[in-house]
Amino acid sequence: MVRVKTIDALRALTMFFMIFVNDFWTLKNIPEWLKHTTAEVDGMGFSDIIFPLFLFIVGLSIPLSINVRISNGEKKRKIFKHIIQRSFALIVMGVFMVNYETASEYGMIISKYQWEIIMAISIFLIWINYKKIPYLNSKAEYFLKFLGIIFLIFIAVVYEGSHSGETTWMKTSWWGILGLIGWGYLFNSLIYLLLRNKTNFLFIIFLFLMFMNVQENNFFEEIPAFKLIVGASNHLFVLSGILTSIFLVKSLKNRKENLLLKILFVFSIIFLVYGFAIRPSFHISKIYGSPSWVAICTAINLFSFIILFLLVEKTNFNRFLKPIRAAGTSTLTCYLIPYLVYPLLVLIDFSWPEWMIVGTVGLIKSLLFSLLIIVFVRILEKNNIKLKI
């Protein structure tokens, strides 16, 4: 199966902007429209559309990767095992990362910044793609993975955090970004593995998830709210990507890409109108995963895919993305590197000059920071150092 360049390009751009917006905490006096919107505000900023787009990309990739495995002769049992292992890895990473946010500054035998560095190193040791490193034999691989597990156990044992003013041990909390991706990937990959040739059933599940998303906000008082571990919004974004990918493959096979783009454009308008129509009943909120936010972000996801498909597949735009291409091929590595960089800067007592973190200059600094992270990951990639789950 031919690799769809648009998905890699969209993944690279999304990760570039994810690193960019995640650096906003270092800045001052930047426009409000770029930031995350608080739960009480009816609205959303640029930062609030990045994660939904990433979940959409996860969905785009699921049919392609599973179909490749099936075409290579893999049994469903082996694919199921791969899905479980990958989901478990993402969920574990997410739980550790989200607990760093509430780690005690002084309550542990190590500082929270040392704790964060050990966490990042452990993830590298356990989930690095050792098959790409020819100078390491299997014994070295098992030893390094074992060492990573020991490190994770150590920081879990010594952990002390604060949740709502109470001193606690590690909690799943909101699962963290990677944890949410893990649960979304798990549910939707299994659904696709079971129903991949039954698109109508996938549409029915999508509609049911839309109802769940409404009911999570207690719209119908007589019906109890329920979740599939995480909010329905996460599953909706992933499943919308799966459905888009299914029809993308069919359109490429039948050479009807233009028809697909027109259909996706119509659906993006429908979701946009629907999102604003229900806004009086469900105010736009990323924090609550409100139906209006989900609908509007789905419209943005589809429209972004259309624009990038036209640019990447129909023009030479892809060459302009070469500097950030590693963000599309070593995405997890790009996400993890800042968890090493930020604590190291704190431990060496580094601080940015005031003029570099204010306003427009600060935004340029964050853009360059994101680019440098990706360039560094590209260097690692060339040396066969890459996370793979």
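**Exercise 1. Decide whether Arg69 is buried, exposed or partly exposed, and then identify its salt-bridge partner.**

Step 1. Arg69 has a relative accessible area of 24%, and because the partly exposed class lies between under 20% (buried) and over 50% (exposed), Arg69 is assigned to that middle class. The model under study is a predicted one, and the values used in these solutions are computed from it.

Step 2. The partner of Arg69 is Glu74, with 3.1 Å between the closest N and O atoms of the salt bridge; this is inside the cut-off, which requires a side-chain nitrogen of Lys or Arg within 4 Å of a carboxyl oxygen of Asp or Glu.

Step 3. Glu74, at a relative accessible area of 22%, is likewise partly exposed.

**Exercise 2. Locate the salt bridge between Arg279 and Asp42 in the chain, and classify the accessibility of each residue.**

Step 1. A search of the whole structure returns eight salt bridges, and one of them joins the side chains of Arg279 and Asp42 at 3.1 Å, taken from N to O.

Step 2. Arg279 sits in the loop between helix H9 (257–277) and helix H10 (291–314), whereas Asp42 sits in the loop between helix H1 (5–22) and helix H2 (50–71), so that the pair, 237 residues apart, links distant parts of the chain.

Step 3. Arg279 is partly exposed at a relative accessible area of 27%, and Asp42, with 35% relative accessibility, is also counted as partly exposed.

**Exercise 3. Describe the salt bridge of Arg378 with Glu381, and state whether each residue is buried or partly exposed.**

Step 1. The closest N and O atoms of Arg378 and Glu381 are 2.7 Å apart.

Step 2. Both residues belong to helix H14 (residues 359–382), where a spacing of three residues amounts to about one turn of the helix.

Step 3. Arg378 has a relative accessible area of 38% and is partly exposed, while Glu381, at 16% relative accessibility, counts as buried, because the buried class is set at under 20%.

**Exercise 4. Characterise the largest cavity by its volume, its lining and the helices that contribute to it.**

Step 1. The count comes to one cavity of 30 Å³ or more, and the space in the largest cavity is about 90 Å³.

Step 2. Among the residues lining the largest cavity are Phe206, Met210, Asn213, Phe271, Tyr274, Val294 and Thr298, and helix H7 (199–215), H9 and H10 each supply at least two residues of this lining.

Step 3. Sorted by residue class, the lining of the largest cavity holds nine nonpolar and two polar residues, with no charged ones.

Key. Residues numbered from 1 in each chain as written. Predicted model: local features only at pLDDT ≥ 70, side-chain atom pairs only at ≥ 80, totals over all residues. Heavy atoms only, no water. Helix = DSSP H or I, 4+ residues; strand = E, 2+ residues; numbered from the N terminus. Buried < 20%, exposed > 50% of the residue type's maximum accessible area, 1.4 Å probe, protein only. 1 Å grid on protein atoms, 1.4 Å probe; cavity = no way out; pocket = protein on both sides within 12 Å on 5 of 7 lines; lining within 4 Å. Points joined across faces, edges and corners; volume = space filled by probe spheres on them. Nonpolar A, V, L, I, M, F, W, Y, C, P; charged D, E, K, R; others polar.
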